[in-house]
Amino acid sequence: MEKFITLTDTAVPLEIENVDTDQIIPARFLKATDKSGFGENLFRDWRFDNNDEPNPEFALNKPEYKGSILVAGDNFGCGSSREHAAWALKAYGFTVVVSSYFADIFKGNALNNGLLPVQVSPEFLDQLFVEITKDPSVEINVDLEAQKISIPKGDISESFEIDPYKKTCMINGFDDIDFLVSKLDAIKEYEQKRSQKLEGTTAL
Amino acid sequence: MKKTLFDKIWDSHVVESVPDGPDILYIDKHLIHEVTSPQAFNELKERDISVFRPDQIVATADHNTPTENQHLPVKDLLSRKQLKELTQNCEENNITLYNLGHPYNGIVHVMAPELGITQPGMTMVCGDSHTSTHGAFGTIAFGIGTSQVSQVFASQCVLVQKPKKLRVNVNGKLKKGVLPKDVILYIISKLGTNSGTGYFCEYAGNVFEEMSMEGRMTVCNMSIEMGARGGLIAPDETTFEYVKGKEFAPKGEEFESAKAYWETLKTDEDADFDQEYSFDAEDIEPMITYGTNPGMGIKITGAIPMEGGKSDAKALAYMGFKPGESLLEKPINWIFIGSCTNSRIEDFRQAAAYIKGKQKAKNVNALIVPGSRQVAAQIEAEGLREVFENAGFTLRQPGCSACLAMNDDKIPAGEYCVSTSNRNFEGRQGQGSRTILASPLTAAATAVSGKLTDFTKHLN
């Protein structure tokens with residue numbers, strides 16, 4: 001996994017609440033057996049109309065908005081567990097998603113793919129939307145080490161929470177498989193103890 | 001310390017807790033399907049890691065599979081390739097696969113419970129958010145992403161923070177015509193789609209105690225629609241009776257000793273929950289959704305709220321509805337009875353009981369898709385096929401079907417579908433399709449009248 005330490009970039013504002021993973025990547029694009037190619041179908045049915053023409057009203061199609069930070073409305077990533085949603089966002093070029101709330105499974109999937117979910121207060125989110133729409137070239141800084149998101153120019157900032165274990169993983173580019181494989185002895189020991197308990201008593 | 005049902009199962013499955021981090025949670029059963037597993041198998045191959053406990057994994061083909069002519073090669077080439085990879089991966093790794101055509105094939109959350117793979121007290125995961133279904137058995141079951149699928153392949157464990165605890169109580173007597181689907185749609189309409197985020201939910205109260213296992217599965221299935229990772233219901237005699245005799249359930253003395261343990265799986269009195277809500281059964285009526293998330297629900301006789309959240313205008317524009325509008329008498333051209341929420345035998349019995357002797361309206365396309373081959377066989381054995389076919393309904397072969405429209409079963413753009421599935425997201429049942437979530441009874445009544453109807457008036 002790629003390391004993530006800090007990032008300063010412009011952002012794309014997606015002022016829609018409850019963005020579900022069916023919108024991020026519709027089910028008909030889930031037939032691939034590898035992780036490539038999902039970027040072009042990111043938000044497919046919002047980005048393009050029925051004739052595959054770009055919808056000029058959609059934030060990702062507006063020429064003024066660019067950058068690797070997506071700022072989205074409350075409860076981002078709800079619905080289906082498809083990790084394809086995280087792959088699609090990453091492949092399109094996003095490295096950070098900011099929202100006032102993330103659905104659990106999406107948040108985990110994002111962290112497992114080097115896509116940093118930054119949860120901010122609803123007030124700070126509103127402020128971000130205002131600043132970005134006012135000046136699309138405004139830069140946002142995300143500092144994972146310091147757990148801080150800020151608009152340096154406007155002197156606006158907020159701290160964010162992240163699981164310390166996941167923070168270490170992101171900063172060092174570690175992933176969970178390596179960690180779990182390193183724990184196989186403890187897992188085998190657990191299995192043995194558990195099967196003894198199951199045979200010996202009814203209380204686990 | 002007083003423990004909840006959730007604590008008891010979770011704590012007994014923790015291998016180790018990472019300091020200031022997640023738990024290493026041991027997984028008893030891992031279910032997989034064709035759509036979210038191929039990249040996980042690839043990940044293992046790339047790292048030259050073998051599957052750690054293949055005996056604890058069960059695979060089925062369900063998401064992209066056609067519901068017609070399942071004996072023929074799958075026409076869609078991408079789907080066929082995905083299915084072929086599942087077959088190869090299962091063969092190479094000694095994983096049991098109930099492939100298309102196998103008598104045990106079906107939607108992953110229908111086939112595992114009916115085979116006795118799902119048992120109380122277990123931890124279960126699957127690369128599918130509706131894994132919460134299995135919580136109906138007093139099981140900690142939750143959906144995971146593909147990275148986690150590969151983690152479970154490699155270690156039979158997942159790394160996960162212990163969620164907070166939520167309890168939803170529903171007590172009282174349900175009105176006639178109110179089904180488990182209405183109960184969960186009502187709860188989600190009251191709590192919203194993210195009230196459960198960060199939580200695992202226990203459902204308690206006489207309403208759930210009196211429900212069949214099928215009904216409990218419908219309820220737990222939709223826990224994810226309020227954001228909860230999973231939902232669970234304490235196992236009781238109804239659970240034990242259901243599990244007993246199932247293909248992979250313990251038998252004889254083993255069953256008795258397992259049952260003695262299962263009986264301990266209940267929340268201690270005075271155990272603490274981080275959040276708790278209570279509802280009266282009498283307040284619940286047959287429910288429908290009017291928007292583009294499952295929390296946007298009203299009673300079928302109700303009106304769309306005048307004031308909604310920030311994104312409601314977008315949702316109503318998509319659905320072609322207006323604030324304050326009543327949806328009664330709204331013409332509906334499609335109904336779908338199926339999906340991991342409502343495709344078990346009880347759902348079809350309820351629908352058939354209403355339909356028997358009636359005809360579907362001319363404007364309606366009515367699709368019936370059983371959850372598994374076993375359910376399909378039961379439909380046949382109980383004579384329900386004749387009921388459906390005589391009424392003009394189309395009975396298909398099992399699969400996820402029009403719930404997520406990965407196969408050919410799609411609702412055309414702009415059309416309304418009264419669906420027993422779990423999600424009314426934009427385009428969920430096909431690009432531009434408009435989904436109204438409801439119970440099997442509401443779907444059946446809609447099919448007969450060709451419009452949304454207050455069918456409770458006609459119930460004895």
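In chain A, among contacts (heavy atoms within 4.5 Å) between residues at least 6 apart in sequence, 64% join residues at least 24 apart. The structure is a predicted model, in which local features need pLDDT of at least 70 and side-chain atom pairs count only at pLDDT 80 or more, while totals for chains, interfaces and linings use all residues; side-chain values use heavy atoms, with hydrogens and water left out. Residues are numbered from 1 along each chain as its sequence is written, and chains are lettered from A and ligands numbered from 1 in the order in which they are written.

Chain A contains eight helices and eight strands; helices (H or I, at least four residues) and strands (E, at least two) are DSSP runs, numbered from the N terminus. Along the principal axes, the C-alpha atoms of chain A fill a box of roughly 65 × 45 × 30 Å. Of the 204 residues in chain A, 55% are buried. Here buried means under 20% relative accessible area, exposed over 50%, and partly exposed in between (1.4 Å probe, protein chains only). For residues 1-122 of chain A, an unreviewed UniProt entry lists "domain: Aconitase A/isopropylmalate dehydratase small subunit swivel". UniProt positions follow the numbering used here, feature names are shortened, and annotations may be inferred rather than shown by experiment. The span 1-122 of chain A is 21% helix and 16% strand, and its end C-alpha atoms lie 30 Å apart.

The next topic is the interface. Chain A contributes 56 residues to the contact and chain B 68 residues. Between the two chains, about 5,200 Å² is buried, of which carbon and sulfur atoms give 55%; buried area is the accessible area (1.4 Å probe) that two parts lose on being put together, summed over both. A:Lys31, A:Thr33 and A:Ile177 supply 14% of the area that chain A buries against chain B, more than any other three residues.

Eight salt bridges are found across the interface of chain A and chain B, a salt bridge being a side-chain nitrogen of Lys or Arg within 4 Å of a carboxyl oxygen of Asp or Glu. One of them joins A:Asp22 to B:Arg428, with the closest N and O atoms 2.8 Å apart. Seven residues of the side of chain A that touches chain B come from H8(A), the largest share.

Within chain B, helix H12 (residues 345-355) is largely enclosed by the rest of the structure, because eight of its eleven residues are buried. Among these buried residues are B:Phe348 and B:Tyr354. The buried residues of H12(B) pack against several elements of chain B, including helix H8 (213-221) and strand S15 (334-337). Just after H12(B), B:Gly357 takes a positive phi of about 80°.

B:Ser132 is placed in the loop between strand S6 (123-126) and strand S7 (140-143) of chain B. With a relative accessible area of 0%, B:Ser132 is buried. Not counting residues up to four places away in sequence, B:Ser132 touches residues including B:Ala141, B:Cys220 and B:Arg229.

Two loop residues complete the picture. A:Asp155, in the loop between strand S7 (148-151) and strand S8 (156-159) of chain A, has a positive phi of about 60° although it is not a glycine. A:Asp155 counts as exposed, at 72% relative accessibility. B:Asp270, in the loop between helix H10 (252-262) and strand S12 (275-280) of chain B, has a positive phi of about 70° and is likewise not a glycine. B:Asp270 counts as exposed, at 66% relative accessibility.
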